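Here is a briefing on one protein chain. Keep the sequence and the structure open while reading.

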Amino acid sequence: MLLVQKFHSIHEIDQEFIPSIEQLLQEEVPNFDALIRRQDESPEGEVFTYFLFFGPTQNTPIGFAQLSLKPIPTSDFLPWHKKLKFWDKDHLHWKQVSWQIGNGSSGNSIFEAKFSRSGKDKVQELIKEYELRDDIKAEEVIAVKGLQDFNLAWETEITESNESFVLEPLSKAHKSYQDYIESLQPDMQLFIKKSWQEIHKKEQIQLGDYGSPLDTPKTFPVSSKNLEAWSKWGAQILTFEKDLKVLGCLLVFKGKNGNVFFEPMPFEPEGEIIVKDELYTQYALLKFFDMPEARKCHMMKFGSKLVFEDKKDLSFFQSQGFQLKTIQSQFKSRLKELTKAL
């Protein structure tokens with residue numbers, strides 16, 4: 001039987017549990033700070049609850065789950081006949097519960113492998129608890145398809161189910177970047193080599209590699225406040241530079257057990273782009289293969305793994321060796337006017 005400890009803020013979680021949480025989420029986020037930022041930067045009114053799961057003989061977490069409660073703007077979704085009952089204030093407390101970790105790329109929960117079945121059953125119990133609450137008028141559950149299939153008990157007219165696709169990491173299956181390139185299909189090899197040649201020979205672009213954001217050139221177009229924050233989070237910076245101008249960069253975060261996270265940040269104006277998107281990915285891989293401790297290469301956007309609505313949008317990444325997984329979103333609403341998740 002699993003024990004559950006509940007926290008209503010990321011800042012309430014005991015420091016002693018953080019290393020275990022980072023271990024559980026090692027392929028989802030670079031560090032615990034990523035979860036802190038997501039809560040602290042969330043829209044006003046949204047509140048979070050975190051669940052830590054413990055085995056019968058463990059005093060460290062073997063599972064992690066998360067939900068958020070979002071206030072429902074009742075002025076948009078309250079039926080007209082209820083608006084006439086001005087004395088009834090219950091609707092001011094209506095909420096939508098969303099079960100997901102971060103942006104949902106890992107579903108709603110993560111458990112050590114041997115606790116995956118019992119963990120899933122425990123999360124199902126928690127979902128049912130929230131379904132019984134009178135203030136919960138809508139529910140959204142993000143789950144990894146085939147691994148986290150949950151039953152939503154509500155019988156409602158408003159039901160929606162969607163699939164989306166998460167870009168999974170590229171594993172280090174080759175000794176060097178050159179070996180990796182030679183493993184790709186001939187047309188992809190040619191495309192990548194031509195892209196590198198164009199920026200080096202034609203555009204005379206230089207590659208920069210900085211161990212700290214605070215070491216970047218003075219022309220780096222990012223505020224000192226952001227540079228200091230990135231430095232605090234332990235980021236490294238890779239840059240594309242031309243004529244003392246930084247055209248774009250990649251944030252590099254070293255996670256647990258060889259998981260390395262890269263986030264591209266182009267600075268060029270739209271319509272005047274020299275460095276194409278694919279070269280940000282390739283520069284990340286060039287750095288990845290040069291890091292002896294690196295095991296898996298993750299690409300991010302806005303601090304989260306990339307999620308696509310159309311599977312075709314991942315084909316270019318797949319042709320470069322990246323994997324994907326499918327996540328499913330289930331939504332139910334007790335309000336006829338609320339037809340989609342907030």
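In which strand does Asn259 lie? Asn259 lies in strand 12, which covers residues 259-266. The model is a predicted one.

**Overall picture**

- The protein has 10 helices and 16 strands.
- The C-alpha trace spans about 70 × 50 × 40 Å along its principal axes.
- Of the 342 residues in the protein, 51% are buried.
- Take the contacts with a separation of 6 or more: 70% of them come from residues 24 or more positions apart.

**Charges**

- The protein carries 43 positive and 51 negative side chains.
- The centres of these two sets lie 2 Å apart.
- A search of the whole structure finds 14 salt bridges.

**Asn259**

- Asn259 is buried because its relative accessible area is 0%, and the cut-off for buried is under 20%.
- The side chain of Asn259 makes a polar contact with the side chain of Gln26, at 3.3 Å.
- Setting aside residues up to four places away in sequence, Asn259 touches Gln26, Glu27, Phe253, Lys254, Arg295, Lys296 and His298.

**Thr239**

- Thr239 is found in strand 10, residues 236-242.
- Thr239 is buried, with a relative accessible area of 0%.
- A polar contact of 2.6 Å joins the side chain of Thr239 to the side chain of Glu241.
- Beyond its neighbours within four places in sequence, Thr239 is in contact with Gln206, Leu207, Gly208, Tyr210, Phe220, Val246, Gly248, Cys249 and Tyr283.

**Lys325**

- Lys325 has its place in strand 16, residues 323-333.
- Is Lys325 buried or exposed? Lys325 counts as buried because its relative accessibility is 16%, and buried means under 20%.
- A polar atom of the Lys325 side chain lies 3.0 Å from the backbone oxygen of Ser105.
- Lys325 and Ser105 are 220 residues apart in sequence, while their C-alpha atoms are 8.8 Å apart in space.
- Not counting residues up to four places away in sequence, Lys325 touches Glu28, Ser105, Ser106, Val144, Ser164, Phe165, Val166 and Glu168.

**Salt bridge: Glu168 and Lys325**

- Glu168 forms a salt bridge with Lys325, and the closest N and O atoms are 4.0 Å apart.
- The pair links distant parts of the chain, with Glu168 in strand 7 and Lys325 in strand 16, 157 residues apart.
- Glu168 is buried, with a relative accessible area of 15%.
- Lys325 also counts as buried, at 16% relative accessibility.

**Salt bridge: Lys287 and Asp209**

- The side chains of Lys287 and Asp209 meet in a salt bridge of 2.9 Å, N to O.
- Lys287 lies in helix 9 (residues 277-289) and Asp209 in strand 9 (residues 206-210), so this pair ties together parts 78 residues apart in sequence.
- Lys287 is buried, with a relative accessible area of 12%.
- Asp209 is partly exposed, with a relative accessible area of 42%.

**Salt bridge: Lys340 and Glu160**

- Lys340 forms a salt bridge with Glu160, and the closest N and O atoms are 3.0 Å apart.
- This pair too links distant parts of the chain: Lys340 is in the segment after strand 16, Glu160 is in strand 7 (residues 158-168), and they are 180 residues apart.
- Lys340 counts as exposed because its relative accessibility is 52%, and the cut-off for exposed is over 50%.
- Glu160 is partly exposed, with a relative accessible area of 22%.

Definitions and conventions:
Residues numbered from 1 in each chain as written. Predicted model: local features only at pLDDT ≥ 70, side-chain atom pairs only at ≥ 80, totals over all residues. Heavy atoms only, no water. Helix = DSSP H or I, 4+ residues; strand = E, 2+ residues; numbered from the N terminus. Buried < 20%, exposed > 50% of the residue type's maximum accessible area, 1.4 Å probe, protein only. Polar contact = N/O pair within 3.5 Å; in protein donor to acceptor, adjacent residues only side chain to side chain. Contact = heavy atoms within 4.5 Å. Lys, Arg positive; Asp, Glu negative; His and termini not counted. Charge placed at Lys NZ, Arg CZ, Asp CG, Glu CD.
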